[in-house]
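Hi,

Here is the structure I promised to pass on.

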Amino acid sequence: MSARGRAAQDELVLRATGVQKRFGRLQVLNGVSLELRRAETICLIGPSGSGKTTFLRCVNHLEKIDGGRIEVNGHLIGYRERRGRLVEDSERSIARQRTQIGMVFQRFNLFPHKTALENVIEAPVHVLLTPRDRAVAEAEALLERVGLGHKRDVYPGKLSGGQQQRVAIARALAMKPALMLFDEPTSALDPEMIGEVLAVMAELAHEKMTMIVVTHEMGFAREAAGRVLMMDDGRILEEGPPDRFFTAPQEERTSRFLSKIL
Amino acid sequence: MPLAAVAWHVVWQRIVHPDHAFALALWRTIYMSVTAQFFGVVLGLVAALMRMSRLRILRLLSGAYVLVFRGTPVIVQIFFVYFGVNLLFGFTLIPNTVSAGPISLDGAALAGIVALAVNEGAYMREIIRAGIDAIDKGQMEAAKSLGMTYRLAMRRIVLPQAARVIVPPLGNEFNNMLKTSSLVFFIGVTELFGDAEIRNSTAFQPVEYFTAVAFWYLVLTTVWSLIQAQIERALARDERGEAPSFRERVFQAWAPVAAWRTGGAR
């Protein structure tokens with residue numbers, strides 16, 4: 001491989017090829033291929049049931065895949081190659097791979113028995129074995145960054161939805177991931193709280209975080225995403241830079257979908 | 001029999017001036033219940049985790065355990081451990097006194113603790129499993145997405161939350177345990193009930209002795225309900241305000257009395 005080729009490979013954070021996923025007889029992902037370069041932010045849109053969330057969950061192996069392969073930073077996710085076949089990897093090494101991939105959930109999933117700060121330091125201390133005082137210092141900086149430095153000792157139950165989601169973002173960032181996955185991060189929020197979460201995400205995108213965002217927030221897509229991808233029926237229907245994507249979609253299916261959500 | 005015929009001074013004496021034999025019996029009831037409950041919880045946790053295992057054989061074993069020990073009387077299990085163990089092993093294991101360093105334990109008491117613990121474990125399995133099931137699946141997923149293994153996520157994230165769900169029924173179980181432990185009298189361990197029965201067998205004053213022992217069981221269960229309230233409050237610290245206060249728990253422990261006190265308007 002040429003030096004140039006290797007450099008280009010290095011730049012590639014995610015490479016998914018022909019990902020297949022079935023739930024029983026339902027084919028949820030039908031050959032999804034996607035490449036993502038370092039510092040790139042993409043938005044996945046599409047009708048519900050089109051496979052956006054499932055694809056995201058496959059990327060950090062919360063779901064097994066039935067075909068294709070997913071690589072993050074050049075490492076196969078969730079599987080090992082043995083005599084040309086893919087076999088599921090050990091739990092320990094899957095867990096190690098997940099430390100590289102941050103995930104933000106639609107319903108936040110903060111740990112309710114831990115304060116904001118404890119939520120953020122939990123994985124650094126117990127998974128990465130970071131010394132506690134260093135983890136705390138980093139967590140405080142992260143909470144400050146998402147605008148919640150003053151809430152460090154508050155339990156999630158006493159935070160608004162928007163604040164909880166920002167803590168969840170800080171919690172994922174504490175692992176210093178190479179890739180961040182956002183699964184409809186604002187769809188469980190009251191309208192007035194959506195902005196504060198999107199602002200944090202946009203700032204992340206501008207700071208060159210590599211991100212996949214499943215969202216229908218077109219304003220965010222326009223401002224922060226390099227590409228927008230439309231999913232339908234378990235495959236990627238079309239993609240393009242946001243300005244062209246929203247004004248002149250190629251596919252009729254896309255324009256029908258956009259007309260419904262815009 | 002008119003109440004005047006009851007020798008109240010005997011009841012009074014049993015309550016206010018308990019003798020040495022009584023103190024020993026009370027201590028036996030307490031340590032047997034606590035130890036049996038502790039190991040019951042441990043067994044229940046192991047069985048609950050087995051029940052959720054990917055391995056079929058572990059799930060089957062866990063199911064068989066619950067089927068047998070929830071489906072047969074405790075007294076039969078106690079007798080089985082006491083008399084049956086020796087037959088199984090072919091030598092006298094029980095009631096030999098067991099000594100480990102400074103601790104020495106009467107063999108019959110040990111048999112009782114083992115039987116009560118194994119029986120309790122079957123009930124605790126269901127309680128613990130329900131507690132774990134009550135925790136949103138998103139918690140395990142969030143923990144895994146942060147790179148935690150199943151074990152670590154269970155220990156740090158799921159079980160601490162499940163504990164809050166488990167403690168109230170666990171309290172019930174221990175309350176039962178305090179009373180069920182009286183059955184070990186039938187293999188010759190003189191605990192609270194046994195003490196009363198022995199005294200009654202010479203004095204022939206059943207009402208007096210059993211009234212007094214009922215009082216002491218009531219003291220035990222009441223003290224426990226207060227301890228339980230404290231545990232629940234500690235576990236609910238992130239939701240303080242929702243858990244009933246200490247005072248409220250005292251009244252709840254005495255619900256009929258409290259109802260009378262507040263004119264039954266509850």
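First, some housekeeping. This is a predicted model, in which local features need pLDDT of at least 70 and side-chain atom pairs count only at pLDDT 80 or more, while totals for chains, interfaces and linings use all residues. Residues are numbered from 1 along each chain as its sequence is written, chains are lettered from A and ligands numbered from 1 in the order in which they are written, and side-chain values use heavy atoms, with hydrogens and water left out.

Let's start with the cores. A nonpolar core here is a set of buried Ala, Val, Leu, Ile, Met, Phe, Trp, Tyr and Cys residues joined through side-chain atoms within 4.5 Å, and buried means under 20% relative accessible area with a 1.4 Å probe, protein chains only. The largest one has 52 residues, and A:Leu14, A:Phe55, A:Leu179 and A:Ile212 have the most contacts inside it. Its largest share, eight residues, comes from helix α7 (residues 150–180) of chain B. (Helices are DSSP runs of H or I with at least four residues, strands are E runs of at least two, and both are numbered from the N terminus.) A second, separate core has 51 residues, including A:Met218 and A:Phe257.

What does A:Phe55 touch, leaving aside its neighbours within four places in sequence? Its contacts (heavy atoms within 4.5 Å) are A:Ala16, A:Val19, A:Leu29, A:Val32, A:Leu34 and A:Leu44.

Now the strands, where two of them pair if DSSP finds at least two bridges between them. Chain A has an open sheet of four strands in the order β2-β1-β4-β5, with antiparallel pairing. Its edges are β2 (26–37) and β5 (75–76), each with a single partner strand, so one side of each has no neighbour in the sheet. Strands β1 (residues 12–23) and β4 (residues 67–72) of chain A are joined by five bridges, and A:Thr17 stands opposite A:Arg69 in β4(A).

There is also a hairpin in chain A, made by β11(A) and β12(A) with two residues between them. β11 (residues 227–232) and β12 (residues 235–240) run antiparallel over five bridges, and A:Val228 has A:Gly240 as its bridge partner. In the turn, A:Asp233 has a positive phi of about 50 degrees.

Helix α3 (residues 91–98) of chain A is worth a look too. A:Ser93, A:Ile94, A:Ala95, A:Gln97 and A:Arg98 are buried in this helix. Their cover includes β5, β7 (85–88) and β8 (101–104) of chain A, together with α6 (137–145) of chain B.

Last, the cavities. A cavity is a set of points on a 1 Å grid over the protein atoms alone where a 1.4 Å probe fits but cannot get out, and lining residues have an atom within 4 Å of a point. The structure holds three of 30 Å³ or more, counting volume as the space filled by probe spheres set on the points. The largest has about 50 Å³ of space, and α7(A) gives the largest share of its lining, three residues. Among the residues lining this largest cavity are A:Arg145, A:Leu173 and A:Glu207.

Cheers

Notes: Buried < 20%, exposed > 50% of the residue type's maximum accessible area, 1.4 Å probe, protein only. 1 Å grid on protein atoms, 1.4 Å probe; cavity = no way out; pocket = protein on both sides within 12 Å on 5 of 7 lines; lining within 4 Å.
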